[in-house]
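Here is a short report on the sheets, helices and cores of one model. Please look over the picture first, then read on.

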Amino acid sequence: MFEPPFPTILKPYGRALVELAAARPEILCLSGDLTRQCEVDLFQERFPERFIHAGMAEANMMSMAGALARQGFVPYVHTFGVFATRRPLDQVVNAIAYPALPVRLIGFMPGVSSPGGPSHQAIEDVALMRALPNMTVVDVGDSEEIAQVVPAIADLPGPVYLRLKRGEIPTVFEPGHRLSLSAVHTVAEGRDVLLVTSGMMLPVTLQAAATLCEAGADVGVVHIPVIKPLDRDGVLRAARRSAAVVTVENHSIIGGLGSAVAEVLAEEGVAARLRRVGIADTFAEGAKSGPYLFEKYGLSTQHVVDAAWSLLGRPGHSPQSRIEQAAEGEYAPV
């Protein structure tokens, strides 16, 4: 059930946006000088009259998007996650979130999926966007969900922040899988330990679950595509079935998915013990290798296995994952 391989699809976001725009003339595409890198070169080629090159001026781009939304358009705004959240935060707040305008912020290369070091690694984007009233925060898990989320967020009220890895995206779910923007997706139920994840960490989490199951653990897996508003009832149902919970995210452990889950468990008095797998309270370095960064900063499959094993209280060392962290070609540099 948890085993790879996970075949990859090239540019699922870019193709889905073109398909949406073909049916919806109010869809506009804005790019912050990262057109090819955000897959919207496909949109520019197909609908040049609805494509706006905003340049390396992200704050201005956010204000522009807010103004266009006031005129009845639905702007999809594209740049790397750090430039969609941290750099223009004041404009996102005042021009988009406060007036609750239908702007879709698409932040690519989250966390240490970017090789560019602290200036390019959005390790706090979920925390920033979670804190904004009116903002929906989405972190889908595979190419199937990317194809579905692009039209699904078009008519949501208020602004949306969608974080994505670009380039080659794994396909985890079967073709019949349906993305929900209101409910968590339970991949498997388990009584010993529950792994909770979102976004590009889904394959890593499934690989860890496979290793733990082979070692005799009863493992549950929950994928959370919408971090805000969080499906509290879905999280609680899954957590109450398990003795322990491990959250897995390509983000700081402060303020992201792990924090959101911890808040729910604490507020409802759920007794399950919790471990958060993510980036510790540190900035990451730049590198040419994605697996190197994931290993160094605690996001590898083995780190998830180790965190879960520490909660199970079983004798001996944790089982060793035999799964590679990333397939060749999966890590796409700038």
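Two strands pair if DSSP finds at least two bridges between them. Helices (H or I, at least four residues) and strands (E, at least two) are DSSP runs, numbered from the N terminus. This is a predicted model: local features need pLDDT of at least 70, side-chain atom pairs count only at pLDDT 80 or more, and totals for chains, interfaces and linings use all residues. Residues are numbered from 1 along each chain as its sequence is written, and side-chain values use heavy atoms, with hydrogens and water left out.

An open sheet is formed by 7 strands in the order 3-2-4-5-7-6-12, with mixed pairing. Its edge strands, each pairing on one side only, are strand 3 (51–53) and strand 12 (226–228). On average, neighbouring strands here are turned by 20° against each other, direction ignored. Strand 2 pairs with strand 4 (residues 74–80) in the parallel sense, over 5 bridges. Within strand 4, Val 74 stands opposite Ile 27.

Helix 3 lies across strand 2, strand 3, strand 4 and strand 5 (104–108). Helix 3 runs at about 165° to strand 4. Axes are lines fitted to C-alpha atoms, for helices over the stretch in contact, and angles run from 0 to 180 degrees between N-to-C directions. Contact means heavy atoms within 4.5 Å.

How many residues of strand 10 are buried? The count is 5 of the 5, so strand 10 is largely enclosed by the rest of the structure. Buried means under 20% relative accessible area, exposed over 50%, partly exposed in between (1.4 Å probe, protein chains only). Val 193, Leu 195 and Thr 197 cover one side, Leu 194 and Val 196 the other, and all are buried. In a regular strand the side chains alternate between the two faces of the sheet. Strand 10 runs parallel to strand 11 (residues 219–223), joined by 5 bridges.

Bridge partners named in this report:

| Residue | Partner |
|---|---|
| Val 196 | Val 222 in strand 11 |

**Helices 9 and 10**

Helix 9 (residues 232–240) packs against helix 10 (residues 257–268) at an angle of about 75°, with the axes 10 Å apart. That makes the two helices roughly perpendicular, a label for angles of 65 to 115 degrees (under 35 is roughly parallel, over 145 roughly antiparallel, the rest oblique). Helix 9 contributes Arg 232, Val 235, Leu 236, Ala 239 and Arg 240 to the contact. Helix 10 contributes Val 261, Val 264, Leu 265, Glu 267 and Glu 268.

**Nonpolar cores**

A nonpolar core is a set of buried Ala, Val, Leu, Ile, Met, Phe, Trp, Tyr and Cys residues joined through side-chain atoms within 4.5 Å. The largest has 42 residues, and Leu 105, Met 135 and Ile 224 have the most contacts inside it. Elements giving two or more residues to this core include helix 3, strand 10, helix 9 and helix 10.
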